[in-house]
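Work through the exercises below with the sequence and the model at hand, and try each task before you read its solution.

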Amino acid sequence: SEAAQTLHDSLVIGDWHADPLLWSRDLTERGTRGQVDIPRLLEGNVAVQVFTAVTKSPAGQNYDHNETDARDNITLLAVGQRWPIRTWGSLVERALYQSEKLHDFEARSDGRMRIITSRTDLEQLLSDRERGMDVVGGILGIEGGHPLEGDMANLDRLEAAGYRLVGLQHFFDNELGGSL
């Protein structure tokens, strides 16, 4: 309805989880499948989208229990989609690669998408949107601390790559604790 559209247009909308960086898709182009892309985020009035990096996902995934040494589906995905060889055996490299992909989309978005890494970035984005700019903010997040690979120095690498959100666990136990 017109009233619903007016309400929707007045909201500041944030979506805190989407995994499109896993797939071989151009997020600068409007898609007909998949989770999100920049044109559809703008059409949906989304102000901020968290782009989560998945670096490890168990074969036979379930919510009750996942074996730490279960075959990893993301390895197969990385090989099958021809991700750089450095990502095939390294969870931190998988996260860094997904960050590189989002930075590339930002660079090719004609200013329609900005990666948010600070409060100042967020405030500027919201101010620009209030003034009518057609722009969406992207925040990089990680599903599980697995890309730390047990080395807290990797946190600095991930932060430098633009990551600002880290879920401690995701489907597998890691050095930070037990998963769901």
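**Exercise 1.** Describe the secondary structure of the protein and the order of its elements.

*Solution.* Begin with the count: the protein holds 6 helices and 5 strands, where helices (H or I, at least four residues) and strands (E, at least two) are DSSP runs, numbered from the N terminus. Next, follow the sequence, along which these elements come in the pattern α-β-α-β-α-α-β-α-β-α-β. Before going on, note that this is a predicted model, in which local features need pLDDT of at least 70 and side-chain atom pairs count only at pLDDT 80 or more, while totals for chains, interfaces and linings use all residues. Residues are numbered from 1 along each chain as its sequence is written, and side-chain values use heavy atoms, with hydrogens and water left out.

**Exercise 2.** Locate S90, decide whether S90 is buried or exposed, and find the partner of its side chain.

*Solution.* First, the position: S90 belongs to the loop between α3 (73-80) and α4 (91-107). Second, the accessibility: S90 counts as buried because its relative accessibility is 13%, and buried means under 20% relative accessible area (1.4 Å probe, protein chains only). Third, the partner: the side chain of S90 makes a polar contact with the side chain of E149, at 3.1 Å. A polar contact is a pair of N or O atoms within 3.5 Å; within protein, one must be able to donate a hydrogen and the other to accept it, and residues adjacent in sequence count only if both atoms are side-chain atoms.

**Exercise 3.** State what share of the protein is buried.

*Solution.* Of the 180 residues in the protein, 45% are buried.

Notes
Buried < 20%, exposed > 50% of the residue type's maximum accessible area, 1.4 Å probe, protein only.
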